[in-house]
Amino acid sequence: MILRILNLIVVGVLILAAAYVYRIKFDSTVQAERLAKIRGEIRRERDAIAGLRAKWGELDNPARIEALAKRFLPLKPIESTQYSSLDQLPERPPELVQPGSQDPIGAFLEDSEASPAATGSVVGAERPPARTNTSGGAGASR
Amino acid sequence: MIAFVRNAMKRPLPSWREIARGLFYGVATDRTAKARARVGLAILFFTVTYCVIALRLVMFAALPDNRIAHRGGSGDAMATARPDILDRNGEVLATDVRVPSLFAEPRRLIDADEAVELLTADLPDLDAPELRERLGSRRGFVWLKRDLTAEQQRQIYRQGLPGIGFLNENKRVYPNGPEVSHVIGHVNIDNQGIAGMEKWLDGNGLAALHMAGLATDRLQTPVQLAVDLRVQHALHDELAASHVKYKTLAAAGVVLDVRTGEIVAMVSEPDYDPNNPHQALDPTRINRLTTGVFEMGSTFKAFTFAMALDSGKVTLKSSFDAHGPMQVGRFQIHDFEPENRMLSVPECFTLSSNICAARTALSMGVEAHKAFLKKLGQLDRLRTELPESAEPIVPRHWGELNTITIAFGHGLSVAPLQAVMGVAALMNGGLLIPPTFLKRTQAEADALATRVIKPETSEMMRYLMRLNVEKGTARRAEIPGYYIGGKTGTADKVVNGHYSKNSVLTDFMAVIPADKPRYLLLIMLDDPKVLPETHGFKTSGWNAVPVGGAVVARIAPLLGIEPRMDLPSADHLMLVSARESR
């Protein structure tokens, strides 16, 4: 009796195992099909990329760019005398307004003791005051 | 029990059957044991059978399905993929593109005439009678047209002709056209390299890969060259301009990294379009820098003076008699601009005195001269990655006269790239580094380098080169800020076995910058003509030198050389350090 039950269990396990293996096999076939398809797509994409790279190389060719630049741009080749290094730059001029001050226009007015301000609002704390219009220095700043 | 009795009874008279049975079971075995053994045998047999079946099933399940794996690859023709060739910044110099090609299977065609009509409608450049003849044949397979555009393929595909199909083939494409032609070379219709670096690729294992049919995919790693496409373009452009301006037969140029031996640019005009390789068969389009040998003229004086200074017997303060002409046997040596006085070594160099160079070489002796040039690789064939190379033409009997003429660059023909390698060794501190077209690191270059002259000699040579630009024959190459040093050379061309009076070969070697050398530039013009602005001269200083200056002005920013203004003259900057280091 016990032997018969064992037999039945074994047969059941066998059927389950067979079904499971079948499913795995089926899945793997589907996956393999997908893999092959993706491989084909990758190959096509890679070929397309190579084609586009070749095309880009052609369009990016210095000779072509130079011809276009000569025709359409006012640029000229740079001369060696046009280079400059950072340490050749002159010193930065002293700030009229302390950076970070809360009231740049007020500070400026105090400093210069110039004509009374006629502006309506303060636009941004970092911006220097529009002194050219008020203090009559328009000619110098142009 | 009965069997036992029977056995016991038969024991005195064993028959042959009993002996046979005894072999399997033993004579005294009873029947139950026999039966059990038979059952065991059967169990074993079935177990093995089922094991085999199970194993086979596992194998079927586990191994990949070949049918699926191969489905994607159909429609691709032969395995002839090549790796991409890139320049040193990763720009594409050569790449593979898949192009569809049209074929037909005439046996499967239903109506050949209809096919001809439809195909010629889509591809007007197909020859109709030839097409009809091909399709009318009973062959299994004929190519109709290679290299279709995508649009053409779509149109033909839409007609749905039976027996007409497409195969994808790899086609080599050179997007930069003629600019790098002599460096990369080209391939034939079957995608095999037949010149330049393409041929080198085949020689380095690619051909074997093709034979084995393995080179189907694009996964091969690209090959990176030392060439910089931008520098190459600038050099190409300037040489093409000089080709027109001075009406030269040919023009060539090289830019070499003196510290690593990398060839950053190499142009030989006239060149060809590798996309259209039959131009390459024209003998005027050879690569003059590696396949041609030339008498380099006065640039060889750099070797002469380097030898003298390196020996220690001659210093920068030594002087030589330059009264001319110098009589050697039947020959007379002239200077181009005779000075007829004693000249110091720097004067000899900057005035480019032939007599002075000849006397310097003679003072060293013939054997020493020969040995020095041998050491600098000027007497042996220079081999690079390029398959084409030319052997220098060395005089068979090297006597005093040969030493005299070779001292100023006549009588010994070398490949210009070879001379560039030698001069680079004089500039970079005295290390001879074989030039290469592949990218190379400083460490790799150091491993290959051999010391040929002392570092102090190299410093003195750089001083002479710089002095020559400041007040010598190479004045027209001065570009402020780049501290160019250079040596000019003008050689009479050999025409029909005699030196021609009318046509010359001019060259110019420039080192940038002269105090800390990084690049060596060679400009070589073949037969430049006299122009109004050259005042009747066609020596190097009037054509190759200004071209060299223009090239330096264009390439120095690309090579990352920063212009430095207000540098002192060579006398102050370099002579002092040369003295101090001595």
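1. How many helices and strands make up the secondary structure of chain A? The answer, for this predicted model, is five helices and zero strands. Along the sequence, chain A therefore reads as the pattern α-α-α-α-α. Of its 142 residues, 6% count as buried.

2. Chain B has 20 helices and 18 strands. Of the 582 residues in chain B, 45% are buried. Contacts in chain B between residues at least 6 apart in sequence include 71% that join residues at least 24 apart.

3. The two chains touch. Chain B contributes 30 residues to the contact, and chain A contributes 25 residues. On the side of chain B that touches chain A, four elements each supply at least two residues: helix 4 (66–69), strand 2 (92–104), helix 10 (229–245) and helix 19 (544–558). Strand 2 of chain B gives the most to this side, namely five residues. Sorted by class, the side of chain B that touches chain A holds 15 nonpolar, five polar and ten charged residues.

4. Two packed helices are described by the angle between their axes and the distance between the axes. The axes of helix 10 and helix 19 of chain B come within 9 Å and cross at roughly 160 degrees. Because of that angle, helix 10 of chain B is roughly antiparallel to helix 19 of chain B. Their crossing is right-handed.

5. The residues of this helix contact can be named on both sides. By class, the contact of helix 10 with helix 19 of chain B has eight nonpolar, one polar and three charged residues.

6. The axes of helix 13 (residues 354–364) and helix 15 (residues 400–407) of chain B come within 8 Å, crossing at roughly 130 degrees. Helix 13 of chain B is therefore oblique to helix 15 of chain B. The crossing of helix 13 of chain B with helix 15 of chain B is right-handed.

7. Which residues of helix 13 of chain B meet helix 15 of chain B? They are Ala357(B), Ala358(B), Thr360(B), Ala361(B) and Leu362(B), and their partners in helix 15 of chain B are Glu400(B), Thr403(B), Ile404(B) and Ala407(B). By class, the contact of helix 13 with helix 15 of chain B has six nonpolar, two polar and one charged residues.

8. The loop between helix 14 (366–375) and helix 15 of chain B contains Asp380(B). With 13 C-beta neighbours inside 10 Å, Asp380(B) counts as partly exposed.

9. Is Trp398(B) buried or partly exposed? Trp398(B) has 18 C-beta neighbours inside 10 Å, so it counts as partly exposed; a buried residue would need 20 or more. Neighbours within four places in sequence set aside, Trp398(B) is in contact with Val366(B) and Lys370(B). Trp398(B) and Gly140(B) are 258 residues apart in sequence, and their C-alpha atoms are 67 Å apart in space.

10. Strand 16 (residues 485–495) and strand 17 (residues 498–512) of chain B run antiparallel and are joined by ten bridges. Val494(B) stands opposite Tyr499(B), a residue in strand 17 of chain B. The hairpin of strand 16 and strand 17 of chain B has two residues between the strands, and in it Asn496(B) takes a positive phi near 55 degrees.

11. Strand 17 of chain B also runs antiparallel to strand 18 (residues 519–526) of chain B, with eight bridges joining the two. Here Phe508(B) stands opposite Ile523(B) in strand 18 of chain B. The hairpin that strand 17 and strand 18 of chain B form has six residues between them.

How values were computed
Residues numbered from 1 in each chain as written. Chains lettered and ligands numbered in written order. Predicted model: local features only at pLDDT ≥ 70, side-chain atom pairs only at ≥ 80, totals over all residues. Contact = placed C-beta atoms within 7 Å. Nonpolar A, V, L, I, M, F, W, Y, C, P; charged D, E, K, R; others polar. Axes fitted to C-alpha atoms, helices over the stretch in contact; angles between N-to-C directions. Parallel < 35°, antiparallel > 145°, perpendicular 65-115°, else oblique. Left-handed = near helix turned anticlockwise from the far one by under 90°. Pairing = 2+ DSSP bridges. Buried ≥ 20, exposed ≤ 12 C-beta atoms within 10 Å, placed from the backbone.
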